[in-house]
Amino acid sequence: AIYNMDFHDKDLSAPWLKGNEEGFWLSRSAWSFYLIAKFRMLVMGKKSITVWFPDYFCNASITPLRTLDTTLKFYPILKDGNPDLSGCEKLLNDGNPDLIVAVHYFGKPASVKELSDLCFMNNAWLIEDGAHVLQRIDGVGEYCDFLLYSPHKFLPIPDGALLIHRENGPGKIG
């Protein structure tokens with residue numbers, strides 16, 4: 001049963017992992033955002049951080065983040081779901097992000113290479129949200145530091161979100 005599983009169950013995570021990635025099971029991806037933010041604060045020695053989300057994003061998924069000292073900024077996306085890079089450049093006028101979230105809407109891989117480059121140039125970490133993707137597919141999870149899946153949205157289970165850490169993302173988090 002999902003309630004008796006190990007938080008770090010490698011066998012259960014295997015279908016979603018590549019290479020030396022690490023997977024961690026949580027109830028919802030909202031808690032993944034929270035843990036990544038807390039980790040960023042700890043690693044960078046910051047009491048507050050700035051997190052960028054696309055302007056079309058589920059408010060319930062960021063409720064736990066709102067309990068932390070975070071500034072949430074929303075960048076524009078294009079009609080095809082890809083980030084509006086000129087809008088992201090304008091947001092930089094308000095300061096650098098600590099975390100940037102890219103979303104693969106409805107199972108369609110978004111173009112996130114440019115966001116990965118933006119993260120690298122601004123010492124930010126990139127999170128790819130694959131909540132609408134059931135399994136690993138090309139174009140999802142290739143440029144990020146963290147990758148999120150939400151199998152509970154597809155399978156008849158009450159809870160289940162996978163947080164994947166990638167060592168070779170733009171933040172080079174070991």
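Modeller: In strand β6, Tyr149 stands opposite Gly130. This is a predicted model, in which local features need pLDDT of at least 70 and side-chain atom pairs count only at pLDDT 80 or more, while totals for chains, interfaces and linings use all residues. Residues are numbered from 1 along each chain as its sequence is written, and side-chain values use heavy atoms, with hydrogens and water left out. Helices (H or I, at least four residues) and strands (E, at least two) are DSSP runs numbered from the N terminus, and two strands pair if DSSP finds at least two bridges between them. Strand β5 (residues 125-130) pairs with β6 in the parallel sense over four bridges, whereas β6 and strand β7 (residues 161-165) run antiparallel and are joined by four bridges, with Leu148 opposite Leu163 in β7. In a regular strand the side chains alternate between the two faces of the sheet. Within β6 (residues 146-149), Phe146 and Leu148 point one way and Leu147 and Tyr149 the other way, and all are buried, where buried means under 20% relative accessible area, exposed over 50% and partly exposed in between (1.4 Å probe, protein chains only).

The loop between β5 and β6 holds Arg136, which forms a salt bridge (a side-chain nitrogen of Lys or Arg within 4 Å of a carboxyl oxygen of Asp or Glu) with Glu21, the closest N and O atoms being 2.9 Å apart. Glu21 lies in the loop between α1 (10-13) and β1 (22-26), so that the pair links parts of the chain 115 residues apart, and both Glu21 and Arg136 are buried.
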